[in-house]
Amino acid sequence: MMHRKREVVKFNVDFDVLRMENLPPKYTTFRILLTRGSKIKKTNEIKATDRTARPGDEASLRFTTTLERSSDGFGFDEKTYKLSLMRINNRATLHKEKKIGSAHINLAEYATKSRDSGEEETKLALSMADYPSPTWVSISVCLSSGKGGHHYDDGSDGCSEASGFHTTAVSHATSYQSQSMASIEEDQSMMDDVDEEEQNEEEEEEKDERALMSEQASSRLIASSGRAAAGRGEGSAAQAAARGGGGGSSGAGRESEQSSTKTHLEAQIKELVGQLKATEAELTRAKLDEAEVLKRRESVAARATKAAARRAGLQARLDVVRGTTQMVEAERDETKRRAVAVERGGGA
């Protein structure tokens, strides 16, 4: 049985970021990436003020793509691109750019929109690893077929040849297709990695602090013990010298030497007692520091519990998305079936 080769259509793509809202407060510079396999498209740096950005040409991408006609002839096969939100920290020595959220868009959906549908916008919800509420990224995607001679360098409108639209994807059933299950699963994995990385860093800091405190306390004890031993040695030598010289001296001379030796030893004992007290104070501070480290460890455990709760929430969202996607696919199949029936009835 012969199979007809399906049509492949080349499109020019005009991609624009319209707004970014509820951005993480820690950073003010961002970038949007579009990736598919090894192909990467990225905007220029986008500046944000008060957690909001309304970029211009710096957030526009222009490229071409090919779509293959679907088997029913009514649309195109799915072609998904990953949209990633990157934060930029120019002061960092490593990881100046880091992904903090992502979603997926299907260009085939834009190619099948009606020319008369008017301009709308796609509003994507990107889950952030360190923040409870999502970041909203509004985009415009316009596809034009190559048949109209659309060129980017002649100042013409790239949306004039075919579909120019943005779709709204918020709480309606079709909205969850714009942010696919793959995106949510990736966000969940990203949150797990971030929480684990922070917990490991804090545990390493605690280990280093405890090791440093133990080393300092040991050094002080060794130094105090050495000074005490040296003081005892000096005292013994002075006493021996006093006894040795006593045979040739008068009683008054021996008493004077003994009194001087006693005064010297008392001064040394007083100094050693002060040093021991200072060492005990250092040990007390070290114990307090250790208690603080233990308290921080409890805080890390609490954060781990909170992260587990967030993962459970994401899993619940994932289950909802799966159920919604199945409903949408069933509705789409029913619509296609009806369209085929109508077309056959019209042809008859």
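Predicted model: local features only at pLDDT ≥ 70, side-chain atom pairs only at ≥ 80, totals over all residues.

Trainee: Why is Arg 51 called partly exposed?

Mentor: Its relative accessible area is 33%. That value falls between the 20% and 50% cut-offs, so Arg 51 counts as partly exposed.

Trainee: And what makes Asp 50 exposed?

Mentor: Asp 50 has a relative accessible area of 72%.

Trainee: Where does Asp 50 sit?

Mentor: In the loop between β4 (46–47) and β5 (60–68), and Arg 51 lies in that loop too. Strands here are DSSP runs of E with at least two residues, helices are runs of H or I with at least four, and both are numbered from the N terminus.

Trainee: What is the phi of Asp 50?

Mentor: Near 55°, a positive value in a residue other than glycine. For Arg 51, phi is near 65°, also positive in a non-glycine residue.

Trainee: Why is strand β9 described as largely enclosed?

Mentor: Of the 11 residues in β9 (residues 135–145), 10 are buried, so the rest of the structure largely encloses this strand.

Trainee: How do you know that β1 and β9 pair?

Mentor: Two strands pair if DSSP finds at least two bridges between them. Strand β1 (residues 8–21) is joined to β9 by 10 bridges, so they pair by that definition, and they run antiparallel. Within this pairing, Phe 15 stands opposite Val 141 in β9.

Trainee: How many bridges link β8 and β9?

Mentor: Five, again in the antiparallel sense, with β8 covering residues 122–126. Lys 123 has Ser 138 in β9 as its bridge partner.

Trainee: What does the whole chain come to in helices and strands?

Mentor: Four helices and 10 strands. Buried residues make up 34% of its 348 residues.

Trainee: And how do contacts join residues along the sequence?

Mentor: Contact means heavy atoms within 4.5 Å. Among contacts between residues at least 6 apart in sequence, 72% join residues at least 24 apart.

Definitions and conventions
Residues numbered from 1 in each chain as written. Heavy atoms only, no water. Buried < 20%, exposed > 50% of the residue type's maximum accessible area, 1.4 Å probe, protein only.
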